[in-house]
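User: I am new to this structure and would like to learn how to read its features step by step. Could we look at it together?

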Amino acid sequence: MAAQETENPEAGNGIEHVAAIFGVTGLVGKVLARELVTKPKWKVYGIARNPEIMPPIDQRSSNFHFIQCDLLNRSETEERLSLLQDVTHVFWLTWASQYQLDSVECCEQNKAMMSNALDAIVPKAKALKHVSLQTGMKHYVSLQGPFDDEAEARYYDEDCPRVDKGCNFYYVLEDLLKERLVGKVAWSVHRPGLLIGGSRRTVYNFMGGLCVFGTICKHLNLPFVFGGTKRCWEETCIDGSDARLVAQQHIWAATNVDLYSHSTDGQSYNAINGPSFTWKEIWTALGEKFGVEVVHGSAFSEEFWYSKSMADKKEVWKEIVAEKGLVQTEMENLANWEFLDVLFRCPFKLLGTRNKVDRLGNSCNPLADTLNPKCLSVKQKRVHFRYKHSIDYRHMKEIVLPYDVFAWWQLDAIFLSLLLDYLPFPNLCKENPTTS
Ligand SMILES: NC(=O)c1ccc[n+]([C@@H]2O[C@H](COP(=O)([O-])OP(=O)(O)OC[C@H]3O[C@@H](n4cnc5c(N)ncnc54)[C@H](OP(=O)(O)O)[C@@H]3O)[C@@H](O)[C@H]2O)c1
């Protein structure tokens with residue numbers, strides 16, 4: 001567990017860093033794994049319960065190893081993870097979502113999950129240098145209210161004190177890392193806002209919901225409605241965090257030894273895009289991207305609930321999948337309608353600052369324009385981005401369609417289910433044989 005350099009067993013084959021990515025099939029986990037396996041000197045262990053959606057990585061790189069493991073199962077975790085003795089960097093991008101977010105049970109379950117993993121890995125991984133934890137901006141608020149509707153937007157920074165109301169499993173995870181790592185291994189915690197990315201294993205994936213909704217509206221010729229409160233429609237309420245930005249930030253904090261060489265106390269960083277948006281500003285543009293009708297003046301409705309309107313649309317999604325020859329997906333694995341209903345009726349504002357990471361020189365914020373209305377010009381066929389610190393997507397050259405920040409907006413949303421998991425493969429419209 002020493003923070004100092006120790007001899008790496010992989011040294012002979014050029015591998016210098018060995019990542020264990022927990023939640024490798026999730027929103028950020030997928031991007032991080034793709035990013036690291038393309039880097040020289042990195043080997044990646046990716047951990048999740050379901051292996052079926054990893055072909056883009058494991059078929060292409062001998063440096064990627066998927067490890068199927070239910071982290072809530074202590075003996076299975078010990079058995080499978082204690083073998084990973086060469087791990088140098090841990091990325092904790094997972095969580096147990098069975099219980100209500102602010103419940104005692106949720107805290108207990110998430111603590112057990114991380115405890116199981118740390119117990120299996122930390123004593124054996126003698127060259128472990130850094131543990132990177134992902135929590136979120138919910139660190140700064142209690143979901144239990146009371147919420148002051150009239151309050152001015154406050155921009156949370158990393159020094160804001162914890163909220164003492166309710167239970168927050170983020171605090172439990174941070175405390176567990178403190179308990180286990182301080183004095184031994186460096187660690188950092190990253191707090192994204194609303195994550196923007198693609199995954200079928202994600203409970204809170206608003207992009208999946210929006211894209212399925214847009215696709216169904218197009219198929220049935222329904223109006224593309226924003227169902228939520230006027231305040232959420234007209235005001236900036238939440239930060240967006242592009243999954244690639246967050247993945248880059250994890251790498252930056254984990255590999256920038258200057259950041260943590262003097263202390264194992266743990267550092268916290270907000271992981272947000274920066275410029276914010278209102279749904280009102282971008283809704284018409286989104287509708288155009290999906291090719292659906294946005295009725296001027298009635299695009300927003302307080303009476304519209306996605307969970308009610310979409311409840312009977314499972315068969316419609318099946319029809320779309322069959323008609324377009326998409327990879328088999330169930331609507332409920334891509335879209336969480338209850339989450340959209342809550343998100344668009346969020347009773348508080350959750351906005352943060354990027355000052356700390358910017359000040360410390362994290363130059364990996366090329367994605368600040370995600371969902372920025374200025375870039376969502378409906379007339380643009382393609383949007384060009386200011387990649388200050390470019391991410392190397394050359395290995396994706398052969399894909400038919402560009403993968404960039406706006407990929408999902410630019411494309412016909414019908415490709416969604418393929419893009420989610422088979423992005424680096426060329427035959428976007430064919431069932432991928434690796435799924436069967
Ligand atoms: N989603 C958001 O918009 C958002 C925003 C801000 C912060 N966050 C925070 O970011 C953290 C990660 O959430 P996320 O939404 O990014 O993750 P996610 O996309 O939901 O991914 C979860 C990952 O964990 C795996 N997993 C779940 N239970 C597991 C278990 N028992 N054993 C092994 N693997 C398991 C999942 O794969 P399997 O299901 O196949 O196991 C999946 O790979 C959480 O703390 C979350 O609160 C999320």
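User: In which sense do strand β7 and β11 pair, and over how many bridges?

Analyst: In this predicted model, strand β7, which covers residues 186-192, pairs with β11 in the parallel sense, and the pairing runs over five bridges.

User: What is the order of the strands in the open sheet?

Analyst: A sheet can be read strand by strand, and here the order of the seven strands is β3-β2-β1-β4-β5-β7-β11, with parallel pairing. At the edges stand β3 (64-68) and β11 (267-271), and because each has a single partner strand, one side of each is left without a neighbour in the sheet. From one strand to the next, the twist averages 20°.

User: Which strands does helix α5 touch where it packs on the sheet?

Analyst: Helix α5, residues 169-181, touches β5 (130-134) and β7, and the direction of the helix makes about 170° with that of β5.

User: How should I read the surroundings of the ligand, and how many residues are there?

Analyst: Begin with the shell of 30 residues that surround the ligand, of which Gly23, Gly26, Arg49, Thr94 and Gly136 are the closest. By kind, the shell divides into 16 nonpolar, eleven polar and three charged residues.

User: From which domains does the shell around the ligand draw at least three residues?

Analyst: It draws at least three from each of domain 1 (16-194 + 241-271) and domain 2 (196-238 + 276-351 + 367-428).

Notes. Residues numbered from 1 in each chain as written. Predicted model: local features only at pLDDT ≥ 70, side-chain atom pairs only at ≥ 80, totals over all residues. Near = placed C-beta within 6 Å. Nonpolar A, V, L, I, M, F, W, Y, C, P; charged D, E, K, R; others polar. Domains from an automatic or database assignment. Pairing = 2+ DSSP bridges. Helix = DSSP H or I, 4+ residues; strand = E, 2+ residues; numbered from the N terminus. Axes fitted to C-alpha atoms, helices over the stretch in contact; angles between N-to-C directions. Contact = placed C-beta atoms within 7 Å.
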